[in-house]
Amino acid sequence: MSQEPLQNILLDPDDWEMSYHPALDFVFIDDEPAFSWMDDERPFERSQGMSSTLENSLEDILDLDDVDFAGSRAPMKLDDVPDTADLEDTEAEGDGSDSEEEDGDEDSPQQQAVDGIENMVLNFLTQLSDALPDIGEDDEENEKQLAKPAKIVLKIADRKKISEDGTPATRSIRFPLAMKGKGASIKPIAQFFRVADLAHQALIDDIPTTKRDLFYKDVPLFKSQRVVDGLVDDLAATVQLGRADLNIRASSKGLLCGSSFSIHLNDDAVLNATDSEGTLIPVAEDIARFDLKEDVKWILIVEKEAVFQTLCRLRFVRHPSLPGTGVIITGKGYPDLATRQLVKTLSDNLPHSIPILALVDGDAYGLDIASVYKYGSQALRHESSKLAAERVHCIGVWASELPCLGIDRDAMLPIAPADEKKARAMLRRPADKLPQRWKKELMSMLHTRRKAETEILSTVKHEALEDVSASLVQGRSPRSHPLIQYLVSKITERVEFLSSLS
Amino acid sequence: MSLVYLHSLDCKEPHGDAIWDITWTAKDDAAVSISADGTIKRWDSKSGQVLRSLDAHTLGLVSLSVSPDGRYALYNGIEGLTRLWDMESGEIVGEHESYVRTGSEASEPSWSVSLNPRGGTYASTGGSGNVTIHSAEPDTFGQQQSVLQSGRGKFGMRCSHSPDGSRVALSVETGQVYIFDLQSSALTATYTSHAMSVRSLAWSPDSQLLLSASEDKRLILHDVRTSASGKPGSGVVASLTGHSSWVLSTDFSPDGRLAISGSADKTIKVWDLAARAAVSTIQDTAEVWSVSWQPSSAASSGAAFVSGGEDGIVRWWRVAGAG
């Protein structure tokens, strides 16, 4: 009985993907507490050189068992995966205490990422080899060990949990799965390591890749883009680095408008934004620096692309009633990394007299988008300090202001169950992540069971605007778009407020 | 015939945010109000002073139900935290977190709550369109006893016990009004006179008529008598129109002859039910979320009422010529 599983364990040495082999029926020996890769007691030294790390550790593991069977070959596809014959040669190489490695960038994020990934793999292999029965040992002992079930546990960072005592929260991927009969249980580990492997590859080859690329490398394994997205973020959180440090680039989605803005890229190209069209915001890694050519007086972030296009078409950045020119940004809904990084950079570098305003829908999702810019997202909470721009100020659309604009309550949309759920969840947020105004609007939204979308501003009749109190409408020309008037008054008000503070 | 009501008193310490419900109670001539600012206050109707108040809840309070003797106030927060307040002792005698999933029974955050006039239980509505009957006894407060199902999963805006304690009325976001018999836990009548949300219900003192106030700007009077044969009442008796926006609140006068309504159009209307017409329109300064008649003897019925609205100020009104 102990012989059979052994034969099945033989992995095709070229098949370094951890695809599930139906005959792989591991019967594990007594389990020991799983190592967290973050533990300090690692059974092997961490060497400084990139490729030599794996060779050494491999050799260490093999030494433990003193047996060479094909299954112990590293699952990572490295050009220099050692043959068994090479092991003796590598024994003399740096065993970790050698800090004079040629790289010199041992502390670079790339190096850190590579080391982190490799350590995780080694941890896994250690658990794997420990769990396998030893050949050549006393059968009786083996029988006893085989009788007890065992498992492999992979600890990775849990981005959703808040850490209690400062140590990052972790979750575990187990093999076999905690609940019986849940299906191909090797899949989570396979997916995770595939992502880790591709990231490792990208780091070593120094060829950046994107999340989309990763997904298309093995569609049958991943099945959906979302899985890849989640694992990439998990991997980044586990090695405690940013996604860009894994050499996985973001693709850009956000748009920018305003001719006073120009972006200097790393390859010396210059992107000049225009007043009437959107320019795609490049990823942060490509940007050398920003340039504000004129005296920019305001920054406006809008949630909806449609609103952005309208403002562009109407050349809003050059509107005469505004205190000066500005820049309009849209993330097209929930913003991607590049857009958030742009906003953060502007927030960090612009003087405080320049307001950064957000125009979002008057519903729970709109406010959530504003909170992503302002406080950071749940998914990337570990990167909040680099991405959250607290300066962002939400200017609407506020449902409570609509009656002043002559918009009938009945013109507002009824809330959907999803809106309600989201609003209730947001109301549970701590006070430092939920401004009083937002809380009031969310409660009002739940109570009236209505929400205000940005489009509703277009339904304001011109006659109604005649009667509106002067404080809300300023410098109106006879036929301007209601959205323009709304924004002009809000922006002017805020600019005046901030300049009165300084 | 028309009546003139005069603004007689403003409260001395307004709420920090909108008042979402108010009741003039039978005890000590006191009024109780709940607000979006999370506080509940008990007022003296002669001076406008606060008699008692409770510390601010973190989130707004959306529903209030006072016991007939005016001693207990059952109130519910927007997140579903329901509390029973003994206004004589000032203690909170019961608390139920309706948003916590207990696992065994399907639960939902409560929205509108109503104390059974006979005591012992209270009813709540939520997103499922059902009425849940909970225990109102201090030691088992909040425990689910039964669920009355309307059959339609629409958001339950308001539930209200009949004054005789035999029935519970439920109104939903899509306009339907359901009446359940508590004894048999059965749905006895369904009224579909509104197509938009019905935000408020008021029973006549003799439990025979039910007024519904809707976002369709109308109030509808229903005959809800149950005949000996068990057949439900004939239904719509009158339709009261005149408001130019959502009707938010309604109440029956103690003698059952007058009705009052508060609206998002910032006015309060008093209606003569026999004539089916408005006899008074009072202009207020903000959306009137809640109105309540003074509970008094039939002689002075309809002489005074209290209102609370978006501006957070409790106002008392008296009919002109009253002493």
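This is a predicted model: local features need pLDDT of at least 70, side-chain atom pairs count only at pLDDT 80 or more; totals for chains, interfaces and linings use all residues.
Residues are numbered from 1 along each chain as its sequence is written, chains are lettered from A and ligands numbered from 1 in the order in which they are written, and side-chain values use heavy atoms, with hydrogens and water left out.

**Chain A overall**
- Chain A has 17 helices and 15 strands; these are DSSP runs numbered from the N terminus, with helices being H or I of at least four residues and strands E of at least two.
- Of its 502 residues, 49% count as buried.
- Taking a contact as heavy atoms within 4.5 Å, residues 24 or more positions apart account for 74% of the chain A contacts with a separation of 6 or more.
- Chain A exposes about 24,300 Å², and carbon and sulfur atoms supply 50% of that; the areas come from the Shrake-Rupley method with a 1.4 Å probe, and for residues only the protein chains shown count as cover.

**Back to α15(A)**
- This helix has 13 residues and reaches 18 Å from its first C-alpha to its last, close to the 18 Å expected at 1.5 Å a residue; the expected span is 1.5 Å times one less than the number of residues.
- Just after α15(A), A:R449 takes a positive phi of about 60°.

**Nonpolar cores**
- A nonpolar core is a set of buried Ala, Val, Leu, Ile, Met, Phe, Trp, Tyr and Cys residues joined through side-chain atoms within 4.5 Å.
- The largest one has 56 residues, and A:L256, A:I299, A:I329 and B:I78 touch the most other members.
- Elements giving two or more residues to this core include β10 (298-302), α12 (364-375) and α15 (436-448) of chain A.
- Helix α12(A) gives the most, with 6 residues.
- Leaving out residues up to four places away in sequence, B:I78 touches partners in both chains, among them A:M443, A:L446, B:W20 and B:W111.
- Apart from this core lies another, of 36 residues, including A:I152, A:F175, A:I186 and A:L214.

**Sheets in chain B**
- Strands pair here if DSSP finds at least two bridges between them.
- One open, antiparallel sheet has 4 strands in the order β2-β3-β4-β5.
- Its edges are β2 (19-24) and β5 (50-54), each with a single partner strand, so one side of each is left without a neighbour in the sheet.
- Neighbouring strands of this sheet are turned by 15° against each other on average, direction ignored.
- Strand β4 (40-44) meets β5(B) over 4 antiparallel bridges, with B:W43 opposite B:V50.
- Another open sheet, also antiparallel, runs β14-β15-β16-β17, with β14 (156-161) and β17 (186-191) at its edges.
- In that sheet, 5 bridges join β16 (177-181) to β17(B), and B:D181 stands opposite B:A186.

**B:I260**
- B:I260 is found in strand β23 (258-263) of chain B and counts as buried because its relative accessibility is 0%.
- Its C-alpha is 5.5 Å from that of B:T250, 10 residues apart along the chain.
- Not counting residues up to four places away in sequence, B:I260 touches B:T250, B:W271, B:W293 and B:F305, among others.

How values were computed. Buried means under 20% relative accessible area, exposed over 50%, partly exposed in between (1.4 Å probe, protein chains only). Axes are lines fitted to C-alpha atoms, for helices over the stretch in contact, and angles run from 0 to 180 degrees between N-to-C directions.
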